[in-house]
Amino acid sequence: MDTKILLEARSATKKFGGLTAVNAVDMQINKGDIFGIIGPNGAGKTTFFNMCTGFYTLDKGNIFLEGQDITNQPSDVIAHKGIARTFQNIKLFKYMTVLDNISIGSHINTKTSIIDAVFHTDTYKKDEEYIKETGMEILHQVGLEKYSDSLAGNLPYGVQRKVEIARALAVKPKILLLDEPAAGMNPIETDSLMSFIKMLNSMGYTIALIEHDMKFVMNSCNRIIVLNFGEKIFEGTPEEVKNSVLVQEAYFGKGIAVSRGLSA
Ligand SMILES: Nc1ncnc2c1ncn2[C@@H]1O[C@H](COP(=O)(O)OP(=O)(O)O)[C@@H](O)[C@H]1O
Ligand SMILES: [Mg+2]
C-alpha cells in the first residue's frame with residue numbers, strides 16, 4: 001500500500017435496521033490533507049466518522065490506518081493508534097481550567113491506572129508532571145497559552161472550540177477528525193477557526209472535517225467528498241465540487257440547482 005495514504009475506507013457500510021446510513025463509501029485521506037466531508041443533513045457524515053473511530057461497528061467494508069486494518073476495533077484502541085476526534089457539540093468541562101481540560105486528553109497517552117491515581121504512586125506523580133508539561137506545550141504550540149488558567153466555560157465560544165481541538169491533540173494523533181467545527185459560530189469566529197485549522201495543518205497535522213459552511217470547506221480543504229443518503233456522490237477539489245451539478249442537486253434539489261449555484 002502507498003504509505004502516503006493515512007486513513008482509508010473501503011466499501012464502508014452501516015445499517016440501522018432498514019436504513020443504510022452509510023453505503024459502500026470509499027475514501028482515501030493522504031498525509032497532509034485537509035479533507036472535507038460534506039452533504040445534506042442526515043447524509044451519514046457523523047455516522048461515517050463514528051465508523052472510522054470505532055464508535056460504530058461496520059456491517060461491511062474496512063477501515064485502514066496507514067495500511068493497517070483497524071476495522072471494528074474498540075474506540076480507545078483506535079484513539080491510541082492515532083485517530084483523534086471532536087464532536088458536533090462542545091464537550092469541554094466548563095468548570096475546569098483550560099489546562100485541566102487539555103490534561104484529560106493527555107491521560108490516554110500515559111500509563112496511569114485508577115490505582116496509581118488513588119494511591120498517588122510514583123508513576124502517578126510522574127505522569128501528572130508529564131501531563132501538565134505536555135498540556136502547556138500544546139497550548140503554547142497552538143497559541144492558547146494565555147487561557148491556560150481560565151475556566152473553559154467563561155471563554156468565548158470560538159475559543160472553546162479551539163481548546164476542544166487542542167485537547168484532541170494531546171493524544172498526539174496522526175489524524176484529527178472534526179465534526180462541524182464551525183457550527184454555531186459567527187463569521188469572525190469562523191474565519192479565526194479556519195486560520196487555526198490551517199495553522200495546525202502547516203504544523204504537520206492531517207485533518208478531516210465535516211462542515212456545513214460551504215465557504216469554510218471551499219477555502220480550507222484540498223480534497224472533498226460529498227455524501228448524500230449514505231452514498232458518496234462526488235469527490236474532487238473544491239473547484240470541482242463547486243461546479244458539480246450533482247452536488248448542487250443534492251443540496252438544492254433538481255431544477256433550481258443550476259440557477260442558484262453553490263456560493264463559496
Ligand atoms: N445510532 C443511530 N441509530 C439509528 N439511526 C441512526 C443512528 N445514528 C444515525 N442514524 C441515522 O443515520 C442517518 C445519518 O445520520 P448522521 O450520520 O447523523 O447524518 P449527518 O451527520 O450527515 O447529518 C440519519 O438518518 C440518522 O437518523
Ligand atoms: Mg452530523
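Here are some notes on the predicted model, running from the overall fold to the ligand sites and a few individual residues.

1. Ground rules. Because this is a predicted model, local features need pLDDT of at least 70 and side-chain atom pairs count only at pLDDT 80 or more, while totals for chains, interfaces and linings use all residues. Residues are numbered from 1 along each chain as its sequence is written, chains are lettered from A and ligands numbered from 1 in the order in which they are written, and side-chain values use heavy atoms, with hydrogens and water left out.

2. Overall picture. The chain holds eleven helices and ten strands (DSSP runs numbered from the N terminus: H or I of at least four residues for helices, E of at least two for strands). Of its 264 residues, 49% are buried (buried is under 20% relative accessible area, exposed is over 50%, partly exposed is in between; 1.4 Å probe, protein chains only). Take the contacts with a separation of 6 or more: 64% of them come from residues 24 or more positions apart (a contact is heavy atoms within 4.5 Å).

3. The six-stranded sheet. An open sheet runs in the order β6-β7-β8-β3-β9-β10, with mixed pairing (two strands pair if DSSP finds at least two bridges between them). Its edges are β6 and β10 (231-236), each pairing on one side only. From one strand to the next, the twist averages 20° (axes are lines fitted to C-alpha atoms, for helices over the stretch in contact, and angles run from 0 to 180 degrees between N-to-C directions). Helix α10 (residues 245-252) packs on this sheet and touches β3 (34-38), β9 (223-228) and β10, with its direction at about 135° to that of β10.

4. Four bridges join β6 to strand β7 (residues 175-179) in the parallel sense, and I83 has I175 as its bridge partner in β7. T86 also sits in β6, and with a relative accessible area of 3% it is buried. Leaving aside residues up to four places away in sequence, T86 touches E164, I165, A168, L177, L178 and D179.

5. The β1-β2 hairpin. Strands β1 (residues 5-16) and β2 (residues 19-30) run antiparallel and are joined by eight bridges; K15 is partnered with T20 in β2. Two residues separate the strands in this hairpin, and G17 in the turn has a positive phi of about 60°.

6. T46 is partly exposed at 26% relative accessible area, and Q88 is partly exposed at 33%.

7. Ligand 1. The residues around ligand 1 are F16, L19, A21, P40, N41, G42, A43, G44, K45, T46, T47 and Y56 (a residue is near if one of its heavy atoms lies within 4 Å). A polar backbone atom of A43 is 3.1 Å from an oxygen atom of ligand 1. The side chain of T46 has an N or O atom 2.9 Å from an oxygen atom of ligand 1. As for Y56, a polar side-chain atom lies 3.1 Å from a nitrogen atom of the ligand.

8. Two backbone angles to look at. Most residues other than glycine have a negative phi. A24, in strand β2, has a positive phi near 50°, and is partly exposed with a relative accessible area of 34%. F229 also has a positive phi near 50°; F229 is found in the loop between β9 and β10 and is exposed at 71%.

9. Y157. This residue belongs to helix α6 (residues 157-169) and is partly exposed at 32% relative accessibility. Y157 touches I90, A183, G184, M185 and E189, not counting residues up to four places away in sequence. Y157 and E189 are 32 residues apart along the chain, and their C-alpha atoms are separated by 8.2 Å.

Terms used: A polar contact is a pair of N or O atoms within 3.5 Å; within protein, one must be able to donate a hydrogen and the other to accept it, and residues adjacent in sequence count only if both atoms are side-chain atoms.
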